[in-house]
Amino acid sequence: MWSFFARDPIKDFNYEILPENQEKSGIWTLSRGKRKTTGEPVSVFVYEISQGTEEQTQLAKAAFKRTKTLRHPNILSYVDGLETEKSLYIVTEPVTPLAAHLKLQAEKGGASDLEVSWGLHQIVKALSFLVNDCHLNHNNMGMWAVFVDRAGEWKLGGLDHVTSEQGDSISLPPPKVINPDLERYDPPESPGNGGEKWTGDVWRLGCLIWEVFNGSLPRASSLRSLGKIPKQLVPHYCELVGANPKIRPNPARFLLNCRSPGGFMNNSFVESCLFLEEIQIKEPAEKQQFFQDLSENLDSFPEDFCKHKVLPQLLTAFEFGNAGAVVLTPLFKVGKYLSAEEYQQKIIPVIVKMFSSTDRAMRIRLLQQMEQFIQYLNEAAVNSQIFPHVVHGFTDTNPAIREQTVKSMLLLAPKLNETNLNQELMRHFARLQARDDQGPIRCNTTVCLGKIAPYLNAGMRQRVLISAFSRAAKDPFPASRAAGVLGFAATHQYYSVAESASRILPTLCTLTVDPDKNVRDQAFKAIKSFLSKLETVSEDPSKLAEIEKDVTALAQTGGSAATWAGWAVTGVSSLTSKLIRNAPAGSEAPPAENSPTPQPAAGPVPTNTANKEMKAQTSGSRGVGRKSSEAVKKQSSDWSSGWDADDSWSNEKDVDGQGQSSPADEAPKSARLSSAQEGVGLASDYNWDGAEGKSTTSDLLSSVSQRSTTVRENRKYLPNNHALTPSGLSKVELAKKKREERRKELEAKRAERKAAKGPLKLGARKLD
């Protein structure tokens, strides 16, 4: 009756055995399985008592005991087990028999010597542990007793015949009794005749090495034929299979011989693996050096090893070891081996955490390598966890960080929401283009704006693009002026015919007399393009709607700008790099005395890195939920004053009393040229105001013609700003004088108001 209420222990077993891919491993059947609660993969060794002999059952129970009690990194890891009247179950880490692993590697081109050297190192180390530390003999060493885990590391198993050197109370049958085919792996001497007790295991280790390189051993005499055994390993292999058991080395001695200089196991892969095993006790300086050298070696390491061995150590080193930015390069290299799901699960959380770091080296490394992980970032994480930290780079005192922050917007823009893209980002771009003291950064800001223009909403495009590119056209840095011209050309579809005629063409025409020939060439090309557009509409007004169809088009999704993204690569990048390398001393003014110069945190930072080609990575779906146009217009009224400030793209002040803005005021303060500088005239020196339609090309040319008789012939383009007014001052000096008078006037009025109010009474609230 009690048997009726008894539960089957198999039903309470925490692991499920999968029926597929079952393999025979000695007296055991190796099956794949998983934990019922978590789905974690495992391997299950099953022995059916009813199908085995009494001797086999005895070996199975002995193996169950040894596997459960022996713990070593190079011995098959025991997870769980179950012993019933019918079966024995041993649950281990997920592994594959070595023979199956080598066969799979052969289909891919064969296992590398690096992988084999580390695998043999692990097996010899496990054997040394048994012999020297546990005083046990394995007695079953061979291809069938070695297994490979997910990281490609070799594990010693097959503990069925393990015996103690002092002798066991229960004698176990030798392997050849259970399987006669194993007799060819026995050493030539009879048991107990000379040598140590472990000499038999060392002989079988030599047989294993032969089979790893040459396949299955047909007979014992074949050991004399070296086959494909590497030359570095040959002398040590010959010691293992020597006929005299007394000269066979101890496993520990064999390991030292192979690790000697020039030995088979003396290579970068084994060194890296040994360091990873002891990384927890290494000094911080040693860890830093290791991770720096690791990036160069990862390309030669097995893929599985990188995914399952190196990656966990990198993540641990960052999270708990304060490894810092040095782990980023190897981390992203290993990330290439992961699937999208694995990348999202393992690496993205770490990257998001890295962006909140205040370490400058960490931040710039992340920005430089963003293209390697941007496709795995979802929009919610970008807008709420990454972008708020990235924007701090726009105001960083280190020019290199500001430069990389601008470039990173090419990748982040398709994933930004309405507020971050059209408001926050545009505010920072306006400030950089107007106030940054580094010409290359102003240039790259203009380039980046042109590339992300398709992602802006229609209202923002109409508000920003013309003002931004017009300001770039008046920049003292030649590459910035070229970027402004190319920006107009690349975004021509977003301008109405009226805007092209009244605002864009006047600005471009002034650049046809630019001191830099490359800028002039780009200006002529752009003018021809816009004139062709105007001529088309003039000849056939019915085409107006088709030409202006993109003016009010909705913001595009990621990837739609790839067709025109090469404009800056062929135009701006080559031009900028050339001009920065060969720019004359006066081509860019030093910061003004009253303008604070950002000081890099760690040594000088070369600004020419800002002019490398920026890759237009617009992959990935955008799908950002856009606000309605009514909501955008309502919000724009709250921050529109920001565009009318000094760093605004739409800033057009009357400073010379003639309804024209002074280019010297529009240029960044830190980039203005002094009146004493001689040489080639700069674009910013001309009285350009084409965006407002207050000056024409003919006016400019006539002005130049009138003054050409009063200057040297070799100065072809004399800036109008240096012409003397009736008061005897130049326009620049006059404008400066007016600003100073205005400032004094405001201070006087402010002082009068304070004096009129009198002293504050007790409890009164100060309003100003």
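Two strands are taken as paired if DSSP finds at least two bridges between them, and the strands and helices themselves are DSSP runs numbered from the N terminus (strands: E, at least two residues; helices: H or I, at least four residues). The structure is a predicted model, in which local features need pLDDT of at least 70 and side-chain atom pairs count only at pLDDT 80 or more, while totals for chains, interfaces and linings use all residues. Residues are numbered from 1 along each chain as its sequence is written, and side-chain values use heavy atoms, with hydrogens and water left out.

Three strands form an open sheet with antiparallel pairing, in the order β7-β9-β10. Strands β7 (95-97) and β10 (154-156) are the edges of this sheet; each has a single partner strand, so one side of each lacks a neighbour in the sheet. On average, neighbouring strands here are turned by 40 degrees against each other, direction ignored. Between strand β9 (residues 146-149) and β10, the antiparallel pairing runs over three bridges, and Phe147 is found opposite Lys155 of β10.

A further set of pairings involves strand β3 (residues 28-35). Strand β1 (residues 15-17) is joined to β3 by three bridges, and the two run antiparallel; Ile17 has Gly33 of β3 as its bridge partner. Strand β2 (residues 23-25) is likewise antiparallel to β3, with three bridges, and Lys24 is partnered by Thr29 in β3. The hairpin of β2 and β3 has two residues between the strands, and Gly26 takes a positive phi near 65 degrees there.

Strand β3 is also joined to β4 by six bridges, again antiparallel. Gly33, the partner of Ile17, stands opposite Val42 in β4. The β3-β4 hairpin has five residues between its strands, and Gly39 in the turn shows a positive phi of about 75 degrees. Strand β4 (residues 41-48) is mostly covered, with six of its eight residues buried. Here buried means under 20% relative accessible area, exposed over 50%, and partly exposed in between (1.4 Å probe, protein chains only). Strand β4 pairs with strand β6 (residues 87-92) as well, in the antiparallel sense and over six bridges; Phe45 has Ile90 in β6 as its bridge partner.

Aromatic contacts were then considered. Rings of Phe, Tyr and Trp (its six-membered ring) pair if their centres lie within 6.5 Å; planes under 30 degrees apart count as stacked, over 60 as edge-to-face and the rest as tilted. The count by this rule is 19 aromatic pairs. One of them is the edge-to-face pair of Phe64 and Tyr78, at 6.4 Å centre to centre with 80 degrees between the planes. This pair links distant parts of the chain, 14 residues apart: Phe64 belongs to helix α2 (residues 54-69) and Tyr78 to strand β5 (residues 78-83). Phe64 counts as buried because its relative accessibility is 10%, and Tyr78 is buried at 10% as well.

Another pair is that of Tyr495 and Phe530, which is tilted, with 6.5 Å centre to centre and 35 degrees between the planes. Distant parts of the chain are linked here too, 35 residues apart: Tyr495 lies in the loop between α21 (478-490) and α22 (497-510), and Phe530 in helix α23 (residues 517-539). Tyr495 is buried at 1% relative accessibility, and Phe530 is buried with a relative accessible area of 1%.

Helix packing was described by axes, which are lines fitted to C-alpha atoms, for helices over the stretch in contact, with angles running from 0 to 180 degrees between N-to-C directions. Helices α21 and α23 pack at about 15 degrees with their axes 9 Å apart. The crossing of α21 past α23 is left-handed, a term used if the near helix is turned anticlockwise from the far one by less than a right angle, with right-handed used if clockwise. The axes of helix α19 (residues 439-452) and helix α20 (residues 458-473) come within 10 Å and cross at roughly 155 degrees. Helices α19 and α20 are therefore roughly antiparallel to each other, and α19 passes α20 in a left-handed crossing.

Terms used. Angles under 35 degrees count as roughly parallel, over 145 as roughly antiparallel, 65 to 115 as roughly perpendicular and the rest as oblique.
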